[in-house]
Amino acid sequence: GYTTVANNFKDEKGNISIPARMFSGACGGMSEAILAVTPIETLKTRVTDDMRRGTGNYSGSLDAAVKIIKKEGPMGLYMGLVPTIMKQSTNQAIRFPVQFYFMNWMTGGDKSLAANPLYNGSAGAVAGAVSVLATMPQDVIKSRMQGEEAKKLYTGTLDCAKKLYAQDGIAYFYAGTWPRMIRVSLDVAITFAIFPLLSQYI
């Protein structure tokens with residue numbers, strides 16, 4: 001993840017440049033997308049789609065996982081992998097530098113406050129909000145690519161993006177920005193607030 005890659009860029013004083021933070025974040029986001037986010041999001045989207053349409057194909061996430069693997073193979077859980085990698089990589093490439101800059105701005109560079117959960121959480125909330133604005137189009141495309149009808153409707157990520165733009169215009173890629181921004185900002189704020197505290201014990 002981020003820490004593993006970032007450690008390779010630290011100088012003798014433990015400092016790391018902003019480009020290195022961004023690259024480390026992107027690597028962390030990519031590993032998240034491949035190892036966890038894509039299959040989980042695929043299951044969530046398929047089950048939600050199934051309930052919304054009332055098709056009754058799945059009784060729950062576990063049932064969906066078993067049926068998808070049987071019908072489509074393991075790669076069936078990786079529909080929308082490309083936009084998910086793009087989204088997660090961009091998310092983390094943005095969050096770590098923004099959190100770092102905003103944290104420094106609030107604390108005036110006082111390193112004694114580096115583990116303060118209030119400052120870390122506040123800077124994390126800002127970082128989360130900025131990342132949402134940058135990744136809304138990828139998130140919309142990802143959700144469409146992971147839906148039940150995706151294979152019938154789209155030949156790939158680029159085809160999906162082109163069709164969504166042709167049908168609904170650019171504004172569609174930012175539909176639902178505010179609810180997602182609130183959720184993600186809180187999520188990222190909590191993550192950044194508790195990580196320095198937990199890292200003291202692990």
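This is a predicted model: local features need pLDDT of at least 70, side-chain atom pairs count only at pLDDT 80 or more; totals for chains, interfaces and linings use all residues.
H3 itself runs over residues 61–72, 12 residues in total. From first C-alpha to last, H3 reaches 16 Å, close to the 16 Å expected at 1.5 Å a residue.

How do the two sides of this helix compare? Ala-64, Ala-65 and Ile-68 are the buried residues of H3. Looking down the axis of H3, these buried residues fall within an arc of 100°, so they line one face of the helix. On the face turned away from the buried side sit Leu-62 and Lys-70, both exposed. As for what lies over the buried residues of H3, the cover includes helix H2 (18–53).

Now for the nonpolar cores. The largest one has 22 residues, and Ile-141, Tyr-154, Cys-160 and Leu-164 are those with the most contacts inside it. Helices H1 (2–6), H5 (117–145), H7 (157–168) and H8 (177–198) are the elements that give two or more residues to this core. H5 gives the most, with 6 residues. Take Cys-160: leaving aside residues up to four places away in sequence, Cys-160 touches Ile-141, Arg-144, Met-145 and Tyr-154.

There is also a second, separate core, made of 7 residues.

Terms used. Residues are numbered from 1 along each chain as its sequence is written. Side-chain values use heavy atoms; hydrogens and water are left out. Helices (H or I, at least four residues) and strands (E, at least two) are DSSP runs, numbered from the N terminus. The expected span of a helix is 1.5 Å times one less than its number of residues. Buried means under 20% relative accessible area, exposed over 50%, partly exposed in between (1.4 Å probe, protein chains only). The arc is that of the directions from the helix axis to the C-beta atoms. Contact means heavy atoms within 4.5 Å. A nonpolar core is a set of buried Ala, Val, Leu, Ile, Met, Phe, Trp, Tyr and Cys residues joined through side-chain atoms within 4.5 Å.
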